[in-house]
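Dear colleague,

My findings follow directly after it.

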Amino acid sequence: MKDNVQRDSPAPGLPVRWRPAAAARPRMSPRWWRWVASTDSLTVRLKAAGGARRFSVRLLRQGTGYPFADEARALGIAPGRLAWRREVALCLDGVPWVVARSVAPLFALRGHRLYALGETSLGSWLFAQPGLVRGPLEVTRAPPRFVTAPSLWGRRSVFCHGRLALLVQEYFLPAMAEALALPAA
């Protein structure tokens, strides 16, 4: 899918309650905690957990548009400012296990060529950057707003690399829980 400019109006989106990861821990099983609270590469973890299954990235949408209000707040930008948005499904043997949405202010993208990732994992680029700083993890039980899919847990954090601030949101899907025999919570 090519990088398309989507000039829709600023979307308030459905309100999502994001909480610090530590606040959700009492309501989360230890097995889910290891997934949701991990700060290493989700791509690497999915590949390891998938065993012989083939990992792939399915690009759902990528382009310029307006962030949701809570995304703009997390990035410190005005809600009416255009941003780069990328939405993908992380799949094992073609089955989505995780859906993810990344958002970055346009002014911060200069020189980073993230639009050229295509069906390459953003995580493989992110974790190869020296000096990468990951902000605190937040979690939600709300489903993703950018695709119609149920999720068990969602998490997000802001990655900073130089002047680039990139919000990454990842939602763990029931297919992953079923394949890995993870509990419902």
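The notes below go from the overall fold to one helix and then to the aromatic residues.

Please keep in mind that this is a predicted model. The protein chain contains six helices and nine strands. Its C-alpha trace spans about 40 × 35 × 35 Å along the principal axes. A compact globule of 185 residues would have a radius of gyration near 16 Å, and the chain agrees with this, at 16 Å. Of the 185 residues, 51% are buried. Among contacts between residues at least 6 apart in sequence, 70% join residues at least 24 apart.

Helix H3 covers residues 42–50, and its buried residues are Leu-42, Thr-43, Leu-46 and Gly-50. These lie on the same side of H3 because they cover an arc of only 100 degrees around the axis. In general, an α-helix has 3.6 residues a turn, so residues three or four places apart point the same way. The face of H3 turned away from the buried side carries Val-44 and Ala-48, which are exposed. At the N-terminal end, Ser-41 caps H3, with a side-chain oxygen 3.3 Å from the backbone nitrogen of Thr-43. Just after H3, Gly-51 adopts a positive phi of about 60 degrees.

Turning to the aromatic residues, the structure holds five aromatic pairs. Trp-18, Phe-146 and Tyr-171 are linked into a cluster by ring pairs. Two arginines also deserve mention: the charged end of Arg-45 sits over the ring of Trp-35, 5.2 Å from its centre, and that of Arg-145 sits over the ring of Phe-68, 4.0 Å from its centre.

Yours sincerely

Technical notes. Residues are numbered from 1 along each chain as its sequence is written. This is a predicted model: local features need pLDDT of at least 70, side-chain atom pairs count only at pLDDT 80 or more; totals for chains, interfaces and linings use all residues. Side-chain values use heavy atoms; hydrogens and water are left out. Buried means under 20% relative accessible area, exposed over 50%, partly exposed in between (1.4 Å probe, protein chains only). Helices (H or I, at least four residues) and strands (E, at least two) are DSSP runs, numbered from the N terminus. The arc is that of the directions from the helix axis to the C-beta atoms. A polar contact is a pair of N or O atoms within 3.5 Å; within protein, one must be able to donate a hydrogen and the other to accept it, and residues adjacent in sequence count only if both atoms are side-chain atoms. Rings of Phe, Tyr and Trp (its six-membered ring) pair if their centres lie within 6.5 Å; planes under 30 degrees apart count as stacked, over 60 as edge-to-face and the rest as tilted. A charge sits over a ring if NZ of Lys or CZ of Arg is within 6 Å of the ring centre and within 35 degrees of the ring normal. The radius of gyration is taken over C-alpha atoms; the globule rule is 2.2 Å times the number of residues to the power 0.38. Contact means heavy atoms within 4.5 Å.
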